[in-house]
Amino acid sequence: MVVTTERSAGTTAIRPATLEIPETEIEDLRARMRTITLEEHFVSRRFIDVVGVDLGAQRGVDLSSSEVTDLAELRLRDMDESGIDMQVISHAPIPPSQDQEIAAAANDQAAAAIAAHPGRFAAFATLPLSDPQAAVAELRRAVTQLGFVGALISGRANGMFLDAPAYRPLLQTVVDLDVPLYLHPGLPTATPPAEHYAGFGPSVSYALATTAWGSAVETGLHALRLIAAGIFDQLPNLQMILGHMGEMIPFMLDRADEWLTPAARTENNLQLSVAETFRRNFWITTSGMFSSPQFLLLYQVLGPDRLLFSIDYPFNSNRQGRAFLDALEINPTDKAKLSHGNAERLLHLPSIASPSPQSRPDH
């Protein structure tokens, strides 16, 4: 079965369909379909010097291993074995209290990897979010001087979400630079209350608080707060990325729209509905989620034009992600969008048909 999308009355439906694309064109699409992944992490030398590698229960990957720290041959070999053409790299979450000591050095290390392996890496900037003014300055440096394609933030700093007034200049700068902001889970914090995840051994408590549940809950909440606060009414061109197939929002979107939209319109003069804003201002990656039924829900809710393939390397394997992509039964045109086309459009990356980098505005 091949799946395609059909839009009517503002909704998206999935229906089985016969391909109307000539077989020769399908083969050409498959041959030309490169693969770009957008949530692929590393740990910098500066992080290890400042923080070390002991983050308590966070032991999914040894943070000192070459798999995590390498931005050269080992990583490239792993990419090649799974047919990953480009990674957009970003730093693993940093304790907010130490982000000012790490961010610039981490960005410089990522820039050196891009320079050493052009066409294989791009990068999202690491920002010292604990100091909003410093975050603005580092974002400008990373984009205009280092050539980064956006920024990735992990959770909150100083207990604040991005809808706090202190971060309005940062969001405005993201718009001015015409780059997206990737909203990624952070390290576990004291809120929600620790008792929500207590009563188990450390591994179960950690999984509940983070990757199995808590990280998606907080990151999805972060995104909905930005919408409810009217941030996207004020900054309609602000584009944000969510990983992990949307941090639960696609499944809950209709209910959030039904209950949150009227409340936010009354209290915050929200202009577009929650669902309209989500579909206009958010892009969703598949990072760390390799379930076809979940993807088809996402595909139905958003359609093919804002979905981005990602793996969450090295916390998930390139081989696992590639197998998921290859097995997806969707229209090959939409699969090409997922694999590389949407990323090229969002991040201003050169397309297959355009081997030279597109010019970026001089900010």
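The structure is a predicted model, in which local features need pLDDT of at least 70 and side-chain atom pairs count only at pLDDT 80 or more, while totals for chains, interfaces and linings use all residues. Residues are numbered from 1 along each chain as its sequence is written, and side-chain values use heavy atoms, with hydrogens and water left out.

The protein has 15 helices and eleven strands. Helices (H or I, at least four residues) and strands (E, at least two) are DSSP runs, numbered from the N terminus. Of the 363 residues, 52% count as buried; buried means under 20% relative accessible area, exposed means over 50%, and partly exposed lies in between, with a 1.4 Å probe and protein chains only. Contact means heavy atoms within 4.5 Å. Among contacts between residues at least 6 apart in sequence, 76% join residues at least 24 apart.

Three strands form an open sheet in the order 3-4-5, and their pairing is parallel. Two strands pair if DSSP finds at least two bridges between them. Strand 3 and strand 5 (121-123) stand at the edges with a single partner strand each, so one side of each has no neighbour in the sheet. From one strand to the next, the twist averages 35°. Axes, here and below, are lines fitted to C-alpha atoms, for helices over the stretch in contact, and angles run from 0 to 180 degrees between N-to-C directions.

Strand 3 (residues 36-42) is largely enclosed by the rest of the structure, because seven of its seven residues are buried. Five bridges join strand 3 to strand 4 (residues 86-91), and the two run parallel. Within this pairing, T37 has Q87 of strand 4 as its bridge partner, and H41 stands opposite S90. In a regular strand the side chains alternate between the two faces of the sheet.

Helix 4 (residues 73-81) lies across strand 3, strand 4 and strand 5, and runs at about 135° to strand 4. Helix 15 also packs on the sheet, where it touches strand 3 and strand 4, and its direction makes about 75° with that of strand 3.

The loop between strand 3 and helix 2 (45-50) holds S44. S44 is buried, with a relative accessible area of 0%. Not counting residues up to four places away in sequence, S44 touches H91, I102, A106 and Q109.

Another open sheet has six strands in the order 6-7-8-9-10-11, again with parallel pairing. Strand 6 and strand 11 (307-308) are its edge strands, and each pairs on one side only. Strand 7 (residues 151-154) and strand 8 (residues 181-184) run parallel and are joined by four bridges. L152 has Y182 in strand 8 as its bridge partner.

S130 is located in the loop between strand 6 (125-126) and helix 6. With a relative accessible area of 17%, S130 is buried. S130 and N158 are 28 residues apart in sequence, yet their C-alpha atoms are 6.1 Å apart in space. Leaving aside neighbours within four places in sequence, S130 is in contact with P96, D99, Q100, A157 and N158.

Two helix pairs were also examined. Two packed helices are described by the angle between their axes and the distance between the axes. Angles under 35 degrees count as roughly parallel, over 145 as roughly antiparallel, 65 to 115 as roughly perpendicular and the rest as oblique.

The axes of helix 6 (residues 132-144) and helix 7 (residues 168-177) come within 9 Å and cross at roughly 15°. The two helices are therefore roughly parallel to each other. In this pair, A135, V136, L139, R140, V143 and T144 of helix 6 meet P169, L170, T173, V174, D176 and L177 of helix 7. The contact has eight nonpolar, two polar and two charged residues. Ala, Val, Leu, Ile, Met, Phe, Trp, Tyr, Cys and Pro count as nonpolar, Asp, Glu, Lys and Arg as charged, and the others, Gly among them, as polar.

The axes of helix 14 (residues 318-327) and helix 15 (residues 332-347) come within 10 Å and cross at roughly 155°. Helix 14 and helix 15 are therefore roughly antiparallel to each other. L325, D326 and A327 of helix 14 make the contact with K335, L338 and S339 of helix 15. By class, three of these residues are nonpolar, one is polar and two are charged.
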